[in-house]
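My notebook is open, and I am ready to look a few things up. Let me put the structure in view and start.

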Amino acid sequence: DPIAERVARNDAAFRDSNEKIVGLAQSFRGDLEAPLPVLCECADISCTEVVQLTLREYESVRQVPTWFINAPGHHRNGRGWVSVVATCEGYEVVEKVGDAAEIAIELDPRGDADE
């Protein structure tokens, strides 16, 4: 489905940017509980919303390649290809479903290249 592909690719682009932000933050500090600004990973490519979560929270989301961080309410931009799995203070965790989930897994920067 072309919409599922666009949703997954847009979200993956934001996830890649956040991986760079987190990598820089880790090199400067190791505090897992300090607030960390990350980009909303919703499907709206023009979204510029920034949410705050700790490095520990960020890492827990990254454990599942189909999970993404969204600003509250931004799950609607997923056009039916996401479901909210957790509502946290200042952000939501959404899971890609169907075709969008498959593409998100393929594009996961932490995925094992040998699989």
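I began with Arg110, which I found in the segment after α3 (98-106); helices (H or I, at least four residues) and strands (E, at least two) are DSSP runs, numbered from the N terminus. I noted that this is a predicted model, where local features need pLDDT of at least 70, side-chain atom pairs count only at pLDDT 80 or more, and totals for chains, interfaces and linings use all residues. Residues are numbered from 1 along each chain as its sequence is written, and side-chain values use heavy atoms, with hydrogens and water left out.

Next I listed what Arg110 touches: Glu19, Tyr58, Glu59 and Arg62, leaving out residues up to four places away in sequence. Contact means heavy atoms within 4.5 Å. With Glu59, the Arg110 side chain makes a side-chain polar contact of 2.6 Å (a pair of N or O atoms within 3.5 Å; within protein, one must be able to donate a hydrogen and the other to accept it, and residues adjacent in sequence count only if both atoms are side-chain atoms).

Then I turned to the open sheet of 3 strands, and read its order as β3-β5-β4, with antiparallel pairing (two strands pair if DSSP finds at least two bridges between them). β3 (67-70) and β4 (82-88) each have a single partner strand, so one side of each lacks a neighbour in the sheet. I counted 6 bridges between β4 and β5 (residues 91-96).
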